[in-house]
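User: I have a chain open on my screen and would like to go through its fold with you. Could you take my questions one at a time?

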Amino acid sequence: MGIEQWSENEYKWVGLLIFGAALMIFIYTFHLKTVTERQSKWPTVVGQVVEFRVDKEVRVSKSNGRRRETTIWTPYCTYSYEVDGVSYTSDKISEFDTSTSSPNEADIYRRLINDDNQVTVYYNLKYPSDAVIRPLPNLITIWVFLVGSALTGLFGLTLFLLCLGSGHNNQVEEADYY
């Protein structure tokens, strides 16, 4: 069954599904925004970089018989730090996914490391083993997800409401003109 054969009832539920998915993405992104803003206020210490690398992965997909390659760059950083005489090791860069399709953007993480192979570590005061080295992602990333999910949610809600109102009485009654 193709999309052109869908009934208004099916469009209504698709609209509701789109709205629900967009709402979940909006809530998740807003949650990450809140968490990363809180992390940016955590106390900091200087940590020592144990290992830093940027892995390159080429993903191949086929669409309509055409081959498409996408290169993904993913930075990895393991660092050690000390809080109140206790040593910790972490590999968490950020709450957000640090993978990118731009090698220049991946290089941002390399610039977090100074010439002495050290990095600023933001750690949770209550749980010092919980730490990041880049608490805030690119703000454009957050706003793209928030605005995109809001617009998609509005589209889904509009589709649902339009089909909800039109699905009650689809039969045309014949008027008696005698």
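User: Let me start with a turn: how many residues lie between β2 and β3 in their hairpin, and which residue in the turn has a positive phi?
Analyst: The hairpin of β2 and β3 has two residues between its strands, and Asp-84 in the turn has a positive phi of about 50 degrees. Please keep in mind that this is a predicted model, in which local features need pLDDT of at least 70 and side-chain atom pairs count only at pLDDT 80 or more, while totals for chains, interfaces and linings use all residues. Residues are numbered from 1 along each chain as its sequence is written, and side-chain values use heavy atoms, with hydrogens and water left out.

User: How many bridges do β2 and β3 share, and which residue is opposite Tyr-81?
Analyst: β2 and strand β3 (residues 86-90) pair in the antiparallel sense over five bridges, where pairing requires that DSSP finds at least two bridges between the strands. Tyr-81 stands opposite Tyr-88 in β3.

User: And what about β1 and β2?
Analyst: Strand β1 (residues 44-63) pairs with strand β2 (residues 66-83), again in the antiparallel sense, over 15 bridges. Phe-52 stands opposite Cys-77 in β2, and in this hairpin, which has two residues between the strands, Asn-64 takes a positive phi near 55 degrees.

User: Which residues of β4 are on the covered face?
Analyst: In strand β4 (residues 118-123) the covered face holds Val-119, Val-121 and Tyr-123, whereas Gln-118, Thr-120 and Tyr-122 make up the uncovered one.

User: Why is the pair of Tyr-81 and Tyr-88 called stacked?
Analyst: The ring centres of Tyr-81 and Tyr-88 are 5.4 Å apart and their planes are at 25 degrees, so the pair is stacked. Rings of Phe, Tyr and Trp (its six-membered ring) pair if their centres lie within 6.5 Å, and planes under 30 degrees apart count as stacked, over 60 as edge-to-face and the rest as tilted.

User: How many aromatic pairs are there by that rule?
Analyst: The count comes to three aromatic pairs. One of them is Tyr-79 with Tyr-81, which is tilted because the ring centres are 6.0 Å apart and the planes are at 35 degrees. Ring pairs link Tyr-79, Tyr-81 and Tyr-88 into a cluster.

User: Last topic, then: how much of the chain is buried?
Analyst: Buried residues make up 28% of the 178 residues in the chain.

User: And Phe-30, where is it found, and how exposed is it?
Analyst: Phe-30 is found in helix α1 (residues 8-39), and with a relative accessible area of 43% it is partly exposed.

Notes. Helices (H or I, at least four residues) and strands (E, at least two) are DSSP runs, numbered from the N terminus. Buried means under 20% relative accessible area, exposed over 50%, partly exposed in between (1.4 Å probe, protein chains only).
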